[in-house]
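Colleague: Please take me through one part of this model up close, contact by contact. After that, carry on to whatever else in the chain deserves a look.

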Amino acid sequence: MSEVITFNLDIGTLEIALSERNLCADELNKRDNTFLGGLKLKNELEDLSKPDVDKDLHINLKPNGMYIQFDRTLVKQGIKEWFFMVRIPFWGGGDISPDDWLKLSNLAEKYSRDEDGFASIRLTTRQTIQFHRIKKNDLLPLIRELIEFGKTTLNACGDNVRNTTASPIKSDIFDANALAQKIGMYFQLPLEDHYKIFYPDYLSSEKNSSLNNTTVSFQYDVLGLPRKLKIGIGGYFIDQATGEELRCNAPDILTNDIAIVPLIAEKKVSCYQVFIGGSLGQKNRKVTFPSLAGPLGIFETEKDLMIGLDAIVKIQQQIGDRTNRHWSRLKNILFKKGLDITGKKIEDVLYDEVWFNKIRDCGIKWFGEEIKKLGIEFKDPINIDPGKVYRHHGWIKQWDNKYSYGLWIENGRIKNSSHIGKLKSLVDEIVTQVKPNIRITPFQDLLLTDISESKIDILNGLLSSHNYGTYSNLRTNSLACVGLSTCPLAVAESEKFLNPLITELEKTGFGNLEGISIGISGCERHCSRNVRFDISLEGKTDGAYQLKLLFGESEKEHLSADLIYEKKKYLRRIPQEHAIPLIKVIIENYYINKTSDEKSISLFHQRIGMKNLIKFLKENEITKQLMNTTYELYTA
Ligand code: SF4
């Protein structure tokens, strides 16, 4: 049995934003239907006479790990076809056993088929699996089959702690995955309430052992949290080829509400540094912003860390804004407080990286004091680099003389109609013959682990027999979210646009140019973390994109920026057909003018500066008309 940690936090002295009068519509629905939806949701899901559920229950589906959706490409033809997306969390990305993978693969065959009729498994940047296009009459059978083999969809979406991400690399120094398991378990919502809706018979079933554990859990409010909360854990490992000790920041942890970096002394974890306030989502036409987490402090032991996490989430739960979902994340508490302290206006600092971080850090300092008032101790943070944002592709020797293989999966989409080949069959065959353990990586790939040396040739043979080739750096370093056909919030294609874009750039000879990554998102929520890529395309409206670029080293604390000069924001709504020539021009400029020590396009852009880049694009024959037609006046 785990050690019982008790928390008795008195947070009564803090401002409480929760007020009957001001609760936003989603909060009211959470209150009226109960957070997980209760009997009302159960009845709606069992009613197969209609393809959807009442709109006021959409918010309650989410903590249960699902969204109700419709294909936005079909809406343009006047067809609204309802279906569900089911997301399965895997704390730290796994481990998924070979048997469980094959069960998941079978469930995809049975229930989750894309519009082309092929079974599909979609890996995500939060190390989860998504099944798309689930019809209502398949929803309960799918969830029940998952429950029967020990998987729950709880916490995968919704206003709660989401799937905790962690470095997937195997390490004998720090097991980030094990910590993700503890955090995931602690912040899991009540399973029993979920079963009552989706599988009441299972509660009394002999197969049900999942409710018998005595581990303590986070005490969620009846409304859950005001908004989602994400936690990411960095890794630390020894490169077996060089003997070097390295930090692994594969989950790009500072993009999380809470980020955890282990501090290592003599090849052992000595304590943990915590950062808070990251989150990349924005909302069009609202004063909102992506933000990276800043340092809070150092917690001495794992127990102290868990107590600290409990306090951070509890304070967010108590004082996060429940009146306005666009300002309800942890980052918003910090920024509101920081703005109060400094007397600045958010509009004045949005495009000033130095002031922006100062305001966040003022908010973090205040937040830290509030935690300390609860009797929780931690030390001041130190300057620390969370490490390289590894993709972990190809063969990696593990510390225990076994091997991992990082299998790049374009956009995390595993299906047999991929332009790369029969990816689903390939993965199934590898799993059957090689029997690796499986971790989903934060780059939507698969890390196949614990492979003995004798199985290396088998895996290599399967790759070549499936014509799985060598793909360009540009292709394997780039990423897109699902986009239009399977996300109700998308306004432009993302996944389906990445391949044509990369193919064109490869034809121009840019495939293996050093230091370029492209991220695409179908809207401003940035699920693909695209604002951390060198070149970012963000769905803006009606199939058009905004271009954002990084100015500075991509793995450091930078977010890609709007192109602003003389009160104009450029390239705000780029029609899809203009995006490819535009990006070609931008990359060509880098290729021709970079210096020999400039290792990435973002460093090149930092040197030449935004003003000169805008001037160049305004004068270039291919891009000048676009620059004149896609700007907006910026008045802040
Ligand atoms: S970024 Fe937008 S379009 Fe893409 S998956 Fe997220 S919400 Fe959907």
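**A helix pair up close**

Modeller: Let's start with the contact itself: Phe-497, Leu-501, Glu-504 and Leu-505 on helix α17 meet Gln-576, Ala-579, Ile-580, Ile-583, Lys-584 and Ile-587 on helix α18. Contact here means that the C-beta atoms of two residues, placed from the backbone, lie within 7 Å. By class, this contact has 7 nonpolar, 1 polar and 2 charged residues, where nonpolar covers Ala, Val, Leu, Ile, Met, Phe, Trp, Tyr, Cys and Pro, charged covers Asp, Glu, Lys and Arg, and polar takes the others, Gly among them.

Keep in mind that this is a predicted model, in which local features need pLDDT of at least 70 and side-chain atom pairs count only at pLDDT 80 or more, while totals for chains, interfaces and linings use all residues. Residue numbers start from 1 along each chain as its sequence is written.

Now the geometry. α17 spans residues 495–507 and α18 residues 576–593; their axes are 10 Å apart and at an angle of about 40 degrees. That is why α17 counts as oblique to α18: under 35 degrees is roughly parallel, over 145 roughly antiparallel, 65 to 115 roughly perpendicular, and the rest oblique. The axes are lines fitted to C-alpha atoms, for helices over the stretch in contact, with angles from 0 to 180 degrees between N-to-C directions. α17 passes α18 in a right-handed crossing, that is, the near helix is turned clockwise from the far one by less than a right angle, anticlockwise being left-handed.

Another pair is α14 (residues 423–434) with α15 (residues 456–465), whose axes come within 10 Å and cross at roughly 160 degrees. α14 is therefore roughly antiparallel to α15, and their crossing is right-handed. Leu-426, Glu-429, Ile-430, Gln-433 and Val-434 of α14 make the contact with Ile-458, Leu-459 and Leu-462 of α15, giving 6 nonpolar, 1 polar and 1 charged.

Then there's α11 (residues 330–342) against α13 (residues 353–373), with axes that come within 7 Å and cross at roughly 100 degrees. So α11 is roughly perpendicular to α13. The residues that meet include Leu-334 and Phe-335 in α11, and Ile-364 and Trp-366 in α13. In total, that contact has 10 nonpolar, 3 polar and 3 charged residues.

Zooming out, the protein chain has 20 helices and 25 strands, taken as DSSP runs numbered from the N terminus (helices H or I, at least four residues; strands E, at least two).

The ligand has 13 residues around it, with Cys-481, Cys-487, Gly-522, Cys-523 and Cys-527 the closest; near means a C-beta atom, placed from the backbone, within 6 Å. That shell divides into 7 nonpolar, 5 polar and 1 charged.

Finally, some backbone details. The Gly-94 to Asp-95 peptide bond is cis, with omega near -5 degrees, and Asp-95 is in strand β3 (residues 94–96). Asp-450 has a positive phi of about 60 degrees although it is not a glycine, and Asp-450 lies in strand β17 (residues 446–451).
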